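User: I would like to go through the terms used for this model and the grounds for each.

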Amino acid sequence: MIVSEDALSRTRDASSAPGAAVAGVPPLLEPVVAGLSAVLAEAGDRPGSSAVLLADLSTAAVLLLGEGVIPSPRGAPYVLRRLIRMIGGELTTRGVAPSRLSKVIAVADLTYRSPLGLAPLSSDSWEHVARESRAFERVVRRGRDYLMGSGLLSGRPDETARALARLRSERGVPLGLSLRWCREEGVELPLAVVALEDARVRREQKSSQDR
């Protein structure tokens with residue numbers, strides 16, 4: 001597949017391109033961003049940059065899926081798993097059900113891969129997406145149950161922040177999502193404390209891996 005550098009990098013300026021679907025987005029991604037904006041609006045999400053981020057993630061994911069890559073916990077296929085989980089994380093952090101993950105992939109397949117002349121994703125690829133979606137939903141459900149039942153929300157801010165960092169590193173719960181859960185329970189953690197504890201957990205993990 002050959003795509004011009006201009007199509008990938010050139011962005012429209014709202015003043016010079018009246019009626020452009022999305023200002024500041026490469027033309028190649030405009031249909032994807034427009035489609036994803038509609039999906040997010042249907043889910044009650046407020047306008048923002050999510051559609052652009054999701055377009056970036058989902059187009060990369062569908063290209064890998066279309067090449068027959070199978071999401072895996074190891075090696076190069078792990079990149080695909082991380083892309084899919086990042087899509088789920090962005091959705092849930094904004095309060096959108098993780099079940100919409102497959103819809104995001106479908107929009108990217110229809111508005112990005114198909115116009116490039118590539119065949120739609122195979123049934124096997126869709127089964128991989130469904131499996132990863134179900135796995136991510138389990139991560140979200142178990143992570144929330146653990147956080148709400150652990151008593152950590154009533155502890156010191158640093159203890160709670162450390163627990164959130166461990167939830168992400170050990171259980172795959174997006175940090176933004178766990179912070180959202182805290183806010184919903186009336187617990188607002190200072191971001192500086194969260195960043196500090198997150199850095200400590202990362203250092204501990206790296207030290208453990210280096211041994």
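User: What makes the count of helices in the protein chain what it is, and how many strands are there?

Analyst: The model is a predicted one. A helix is a DSSP run of H or I with at least four residues, and a strand is a run of E with at least two. The protein chain has nine helices and zero strands, and from the N terminus on its elements run α-α-α-α-α-α-α-α-α.

User: Why is a set of residues called a nonpolar core, and which residues touch the most other members of the largest one?

Analyst: The term applies because the members are buried residues of the kinds Ala, Val, Leu, Ile, Met, Phe, Trp, Tyr and Cys, joined through side-chain atoms within 4.5 Å. The largest such core has 29 residues, of which Val32, Leu36, Ile87, Leu91, Leu101 and Ile105 touch the most other members. At least two residues each come from α2 (30-42), α3 (50-66), α4 (77-93) and α5 (101-113). The largest share, seven residues, is supplied by α3.

User: Which other core lies apart from it?

Analyst: Another core, of 17 residues, lies apart from the largest one; Leu147, Leu167, Val173 and Val194 are among its residues.

User: What is Val32 in contact with, beyond its neighbours within four places in sequence?

Analyst: Contact requires heavy atoms within 4.5 Å. With those neighbours left aside, Val32 is in contact with Ala55, Ser58, Thr59, Val107, Ala108, Thr111 and Tyr112.

User: What share of the protein chain is buried?

Analyst: Buried means under 20% relative accessible area. Buried residues are 39% of the 211 in the protein chain.

How values were computed
Residues are numbered from 1 along each chain as its sequence is written. This is a predicted model: local features need pLDDT of at least 70, side-chain atom pairs count only at pLDDT 80 or more; totals for chains, interfaces and linings use all residues. Side-chain values use heavy atoms; hydrogens and water are left out. Buried means under 20% relative accessible area, exposed over 50%, partly exposed in between (1.4 Å probe, protein chains only).
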